[in-house]
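Thanks for making the time this morning.

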Amino acid sequence: MAAISMVDAFRRDRLGIASFCVVGFFVVLALAAPLITALYGKNPTEHYGQNGAGPLSPEGLPNGGISAEHWFGIEPGLGRDVLAQLVYGVRTSLLIAGTSAAVVAVIGVVVGVAVGYLSGFVDRAFTFVCNVLLAFPALLFLITLGPVVQTRFVGPGESEPAWMQFLVLVLVLVLVFSVFGRVPLAMVLRTAVRSLREREFVEAARALGASRRHIVFRELLPNVWAPVLVHLTLAVPAMVTTEAALSFLGVGVNDPVPDWGRMISRGADVFYDDPTHLVFPGASLLLFVLAFNLLGDAVRDALDPHTVH
């Protein structure tokens, strides 16, 4: 019944439905990227040439080289098709953010529920560790850790394969977000579990001789899925922007893997000559993050029984 009421509440939220459709559109783009680019007739890695025209199109025309052949124009300097780069960039962002968010959710749930149930010294130690981690600047840590980890996989003078640097970035993001990103979720779940462990159904399970494992996995976990779902819908856009920021600063995804952050960086370099190069990747990132944030708000409102619709 609770699930049905949540769905009904979500369906009444027009903004939530619209944001869900936009998020679904981006997911479809990511999944169908090879098919879309095949039908379009362009790929994200081929260089279509610029005959010395600098930041303009191959023919020296303004507006980023937008034409019937290149719908969103071409990338400055390298001449790659912007639309093909954007479509594959969705896949890059979703893969990195989705993997990181899933790992963070698993670790946050396990730690938060365990700490909330055990309480006592474990709870005090957890609070101290969380305060320490919250004092660290996570983005600065990512900027410094990425190149260091990459050098552990690729020796000096070796050319780094595209799959290797992509895998390393995913590992770095997962590692850092699992350390820093799990803190908010774990703290929320810890508070929720501390209130749930004194409820009648938990006391009844103890009275029947249920083990701690049974109480945690069968009694407590099913009652804390709502904040986990909300956290995931809000964590994904945060991780997407972080990944884009890293690529913008030159320590994230590198060529030839398509990435929105690097596209924005290239567009910013030629902004005064032709601002068109900054429009499409910037608008795509803005729409993607905004839709995910609105979806997270809609999910939170649908799960809140006190929300008035």
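Predicted model: local features only at pLDDT ≥ 70, side-chain atom pairs only at ≥ 80, totals over all residues.

Let me begin with K42, which counts as buried because its relative accessibility is 11%, where buried means under 20% relative accessible area, exposed over 50%, and partly exposed in between, with a 1.4 Å probe and protein chains only. Residues are numbered from 1 along each chain as its sequence is written, and side-chain values use heavy atoms, with hydrogens and water left out.

K42 sits in the loop between α3 (33-40) and α4; helices here are DSSP runs of H or I with at least four residues, strands are runs of E with at least two, and both are numbered from the N terminus. If we set aside neighbours within four places in sequence, K42 is in contact with T37, Y48, E69, H70, D81 and A84, contact meaning heavy atoms within 4.5 Å.

Stepping back to the whole protein chain, there are 12 helices and 0 strands, and buried residues account for 45% of its 309 residues. Among contacts between residues at least 6 apart in sequence, 75% join residues at least 24 apart.

On the α3 side the contact is made by A33, P34, I36, T37 and Y40, and on the α4 side by L83, A84, V87, Y88 and R91. By class these residues divide into 8 nonpolar, 1 polar and 1 charged, with Ala, Val, Leu, Ile, Met, Phe, Trp, Tyr, Cys and Pro taken as nonpolar, Asp, Glu, Lys and Arg as charged, and the others, Gly among them, as polar.

L83, in helix α4, is buried with a relative accessible area of 14%. Its C-alpha atom is separated by 9.9 Å from that of I36, 47 residues away along the chain, and, leaving aside neighbours within four places in sequence, L83 is in contact with Y40, W71 and F72.

Q85 is also placed in helix α4. Is Q85 buried or exposed? At 0% relative accessibility, Q85 counts as buried, and, not counting residues up to four places away in sequence, Q85 touches P44, E75, R80, P258, R262 and M263.

For the packing of α2 and α3, the angle is about 75 degrees and the axes are 4 Å apart, and the two helices are therefore roughly perpendicular to each other. Here L29, A30 and L31 in α2 meet A33, P34 and I36 in α3, a contact with 6 nonpolar, no polar and no charged residues.

The pair of α4 and helix α9 (residues 212-220) has axes that come within 11 Å and cross at roughly 120 degrees, and α4 and α9 are therefore oblique to each other. V113, Y117 and L118 of α4 make this contact with R212, I215, V216 and L220 of α9, which by class gives 6 nonpolar, no polar and 1 charged residues.

Finally, the cores, where a nonpolar core is a set of buried Ala, Val, Leu, Ile, Met, Phe, Trp, Tyr and Cys residues joined through side-chain atoms within 4.5 Å. Which members of the largest nonpolar core touch the most other members? Of its 27 residues, they are W260, L285 and F288. The elements that give two or more residues to this core are α2 (14-31), α4 (82-118), α10 (225-248), α11 (260-269) and α12 (276-303). A second, separate core of 15 residues includes A105, V113, V216 and L220.

Conventions. Axes fitted to C-alpha atoms, helices over the stretch in contact; angles between N-to-C directions. Parallel < 35°, antiparallel > 145°, perpendicular 65-115°, else oblique.
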